[in-house]
Amino acid sequence: MTIILSTLNARYTHASLGLRYLQANMGDLQSQTEIMEFVIGGKTTEFAERLLAKKPKIIGFGVYIWNVEETARLVALLKRVAPDVKIILGGPEVSYETAEQAIVKEADFVITGWGEITLPDLCRQILNGPQPLMKIHTGVQAKLDDLQLPYSLYTDEDIKNRTLYVEASRGCPFKCEFCLSALDKTAWPFELERFLAEMETLYQRGARLFKFVDRTFNLNIKTSLRIMQFFLDKIAEHPDDPIFAHFEVVPDHLPEALKDGIMQFPAGSLQFEIGIQSFNPEVQTLVSRKQNNEKAAENIRWLVEHSHAHMHVDLIAGLPGETVESFGVGFDQLYALKPHEIQFGILKRLRGTPIIRHTDEFAMKYDPFPPYTILANRDIDFTTMQRLVRFARYWDLVANSGRFANTLPVLLGDAPFANFMAFADWLYQSTDATHRIALDRLAKMVTLWLQTQGMSLEAATALLESDYAGKQPKAAEKKTVAPVRQALHLHAQ
C-alpha cells in the first residue's frame, strides 16, 4: 500500500472522521491509500511495525491534542528505522505554532488547516515529482459541494461497534477565544439533501448512533428541523429499533418550532451538548462570547422540564477574570436548572486560539505539555486550581455517573459548589487519590462524609443503599452493586 493515513484515537469506539474525509478525496490515489487507526496507550514499536508491514512510501498522521505526544514518539521511531518513508502531519495540533514543535522537526511535511485538496496534491509531488521544496504547506479550503463525502468508508465493523461522527456543516460564526472555531470566518453548510441521502445509507446499513460534530447545530433552524425530522421518521417507522443522535446546540437560540420538534423525541434518543462555559457577563465579554444568559437558562430549564433530551452542559474554570467565587455562583445557577450532566472543564490553551492575548494581563500560566491546562492565573493560584481539578474529577465519579442520584442532593444541600468543594477536599485528604477509586470504596467514603456532616450511620447507609434499591443494574454494574452494599453493611457493623 503506497499511502497510509493514520491517527491515534482516544478510544477504540472513536472512528476518525478526518481520516475518512482525506481518503474519500484522494482522487486517483484512493486505491493506493489505506486507513490504519490505533488507540493511545499502546506500544509505539507495535504501531510502527504494523505500519511498516504495509511497505508504505508515505504515512500521514492526524495530530490532535490528545495524541500529539504519542504520535511524536511514533514519528521519531519511524524516521530512525525507515528514514525513506515520507511522513506528513496534519490536524489542529500542528496547524498553529508549527515551527517550534518537536514532532514537526522530525516529520518531512506538514499541512496546516484543511487537507482534502492539499494532501493528494502533496502526495502526487512526492510520488511523481517534482519533489516539494517547502516543508510547511497551507491547506487549501475546499468548497463543501466539491468534497466527496466520507460516510461510505465507515465499515460494517465501524457501524456495529463504534460511534459514527457526522457533520452537516463546518465552521462557527462565534468568536469564543478559548475555542479553535474562533478562527473561522463563518459556518458553512453541506448541501442538505446530499447529506441526508448519506445518512439514509448509513441507517440502511445498520447505523443507529449518530454524533454530530457541528459546532452550532441549531444555527439554521430550517436545517435543524429537517435533520431532526429525518430521525423522527425513522423512530416512527421502527419504534422498537432505537436510534440515538447527539447535537451541540447554542443555548440561547431555541425558537418554538425547534421546541416542537424536540418534544417528539422519545427518551433515550436525543442528547444535547450545551456550552454555557460561564454565566459571568464580564468574563464572557473578555473572551468574546456572546450569550444571553437569561435566555440560555430559560431554554435549559425548558428542555429539562418539557423534553426527553439528555442534557450535557459545559462550564469552564480558569477563564480570565473568573474567580473561584464567581465560578461557584455560575455553577450553583447551572445546577439549579437540573441538567443531567454538568461537564466541569478546566481551561486549556489550544494552539492558535486568541485566548493567548490575556496571558500577561491575567498572569495565565499553562502547562507546557498537552493538553496545556491552565495551572494558575491572577485570580486563582496553583493550589486552588488543583482543588478545582479534583472537584471536576470527583464530580464525574459521583454526580455525572448517575450512581448517587438520591444521595447527591443531600450531599450538596443548599450550597452545591461550596459543599461539593468541601467534600472533594476531604476525599482527597482521606484517599490521596483521584483515579481508580472503586465504586464500593467511593460509596463507603460518601457514607463517612455524610456522618462528618451530622448524619447518623444508619441514615447515611440507608441513603446510599436507596440508590440501588429497586433498580435493575446495568450489565456493567451488576458486579459492583453487591460489593457496595456489602461495604456499607460492614462499615455499619
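Is E116 buried or exposed? E116 is buried, at a relative accessible area of 7%. Buried means under 20% relative accessible area, exposed over 50%, and partly exposed in between, with a 1.4 Å probe and protein chains only.

Some ground rules. This is a predicted model, where local features need pLDDT of at least 70, side-chain atom pairs count only at pLDDT 80 or more, and totals for chains, interfaces and linings use all residues. Residues are numbered from 1 along each chain as its sequence is written, and side-chain values use heavy atoms, leaving out hydrogens and water.

Now, salt bridges. A salt bridge is a side-chain nitrogen of Lys or Arg within 4 Å of a carboxyl oxygen of Asp or Glu. The structure holds 25 of them.

Take E116 again. E116 pairs with R170, with the closest N and O atoms 2.7 Å apart. E116 sits in the loop between strand 5 and helix 5, R170 in strand 8, and 54 residues separate them. Helices (H or I, at least four residues) and strands (E, at least two) are DSSP runs, numbered from the N terminus. R170 is buried too, at 13% relative accessibility.

Next pair: D156 and R205, 2.9 Å between the closest N and O atoms. D156 lies in helix 6 and R205 in the loop between helix 7 and strand 10, so the bridge ties together parts 49 residues apart in sequence. D156 is exposed, at 56%. R205 is partly exposed, at 31%.

Last pair: K234 and E200, at 2.5 Å. K234 is in helix 8 and E200 in helix 7, so parts 34 residues apart in sequence are tied together. K234 counts as buried, at 7%.
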